[in-house]
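Please look over the sequence and the three-dimensional structure shown below. The paragraphs that follow lead through the fold step by step.

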Amino acid sequence: MSDTHPLDRIDLRILGCLQSDGRISNLKLAEEVGLSPTAVLSRVQKLSKEGYILGYEARLNPLKLSAGMLVFVEVSLDRTTPHVFDSFKAAVQVYPEIMECHMVAGGFDYLLKTRVADMGAYRSFAGTVLWQLPGVRETRTYAVMEEVKNSTHLKL
């Protein structure tokens, strides 16, 4: 972004604290970074305005919410035209089971991260949704047996 300021060490400490605990109070955050609460609030507002902070959300337990099965899916499209890409991208937005969708370089076009209750739910989802998405020629499915690392934290 052209209208952002360079981050200093305090900005990075603020981002690190918020990344670890998005519910940290402004007072506690001020103590952690060694500034007054007013100065910290001003910096957080500026970091938000400039797009460094995209938002705040709770991390939910998928096992308790009938979404315990994590499945990655490689998707190859039948044609790689702007219209097919646009139709596919619009269609994946509709389904909450598709948590992430990434266009990739390599042997296929998109990588999807999906969550469903179990293998039966995945089979149903694949048959009624995935294979019906616009332009899909082929999919390859990778059911996750164990999540070894799952983090949203960026290196600062």
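Beyond its neighbours within four places in sequence, Met119 is in contact with Met69 and Ala143. This contact is read from a predicted model, as is everything that follows. Met119 lies in helix α5, and with a relative accessibility of 42% it counts as partly exposed. A comparison along the chain gives a sense of distance: Asp86 and Met119 are 33 residues apart in sequence, and their C-alpha atoms are separated by 29 Å.

Which residues of helix α5 are buried? They are Tyr122, Phe125 and Ala126. Seen down the axis of α5, these buried residues fall within an arc of 100°, and therefore they line one face of the helix. The face of α5 turned away from the buried side carries the exposed residues Arg123 and Thr128. The buried residues, by contrast, pack against β1, β2, β3 and β4.

These strands form the next part of the picture. They make up an open sheet of four strands in the order β2-β3-β1-β4, with antiparallel pairing. At the edges stand β2, residues 98-103, and β4, residues 136-143, each of which pairs on one side only. From one strand to the next, the twist averages 20°. Helix α5, which spans residues 119-128, packs on this sheet and touches β1 (69-77), β2, β3 and β4. The direction of α5 makes about 135° with that of β3.

The pairing of β2 with β3 can be followed in detail. Strand β3 covers residues 110-116, and its antiparallel pairing with β2 runs over five bridges. Within β3, Tyr110 is the bridge partner of Met103.

Other charged pairs deserve attention. Side chains of opposite charge can pair when their charged atoms come close. The structure holds 10 salt bridges. One of them joins Glu32 and Lys28, whose closest N and O atoms are 3.1 Å apart. Because Glu32 and Lys28 are four residues apart in helix α2 (residues 26-33), about one helical turn separates them. Glu32 is partly exposed at 34% relative accessibility, and Lys28 is likewise partly exposed, with a relative accessible area of 39%.

A further salt bridge joins the side chains of Arg137 and Glu138, at 3.4 Å from N to O. Arg137 counts as exposed at 52% relative accessibility, while Glu138 is partly exposed, with a relative accessible area of 30%. Both residues belong to a network of salt bridges that links Glu74, Arg137, Glu138 and Arg140.

What does Val75 touch, not counting residues up to four places away in sequence? Val75 touches Phe88, Phe108, Asp109, Tyr110, Leu112, Val136, Glu138 and Thr139.

Asp11 has a relative accessibility of 2%; buried means under 20%, and so Asp11 counts as buried.

How values were computed. Residues are numbered from 1 along each chain as its sequence is written. This is a predicted model: local features need pLDDT of at least 70, side-chain atom pairs count only at pLDDT 80 or more; totals for chains, interfaces and linings use all residues. Side-chain values use heavy atoms; hydrogens and water are left out. Two strands pair if DSSP finds at least two bridges between them. Helices (H or I, at least four residues) and strands (E, at least two) are DSSP runs, numbered from the N terminus. Axes are lines fitted to C-alpha atoms, for helices over the stretch in contact, and angles run from 0 to 180 degrees between N-to-C directions. Contact means heavy atoms within 4.5 Å. A salt bridge is a side-chain nitrogen of Lys or Arg within 4 Å of a carboxyl oxygen of Asp or Glu. Buried means under 20% relative accessible area, exposed over 50%, partly exposed in between (1.4 Å probe, protein chains only). The arc is that of the directions from the helix axis to the C-beta atoms.
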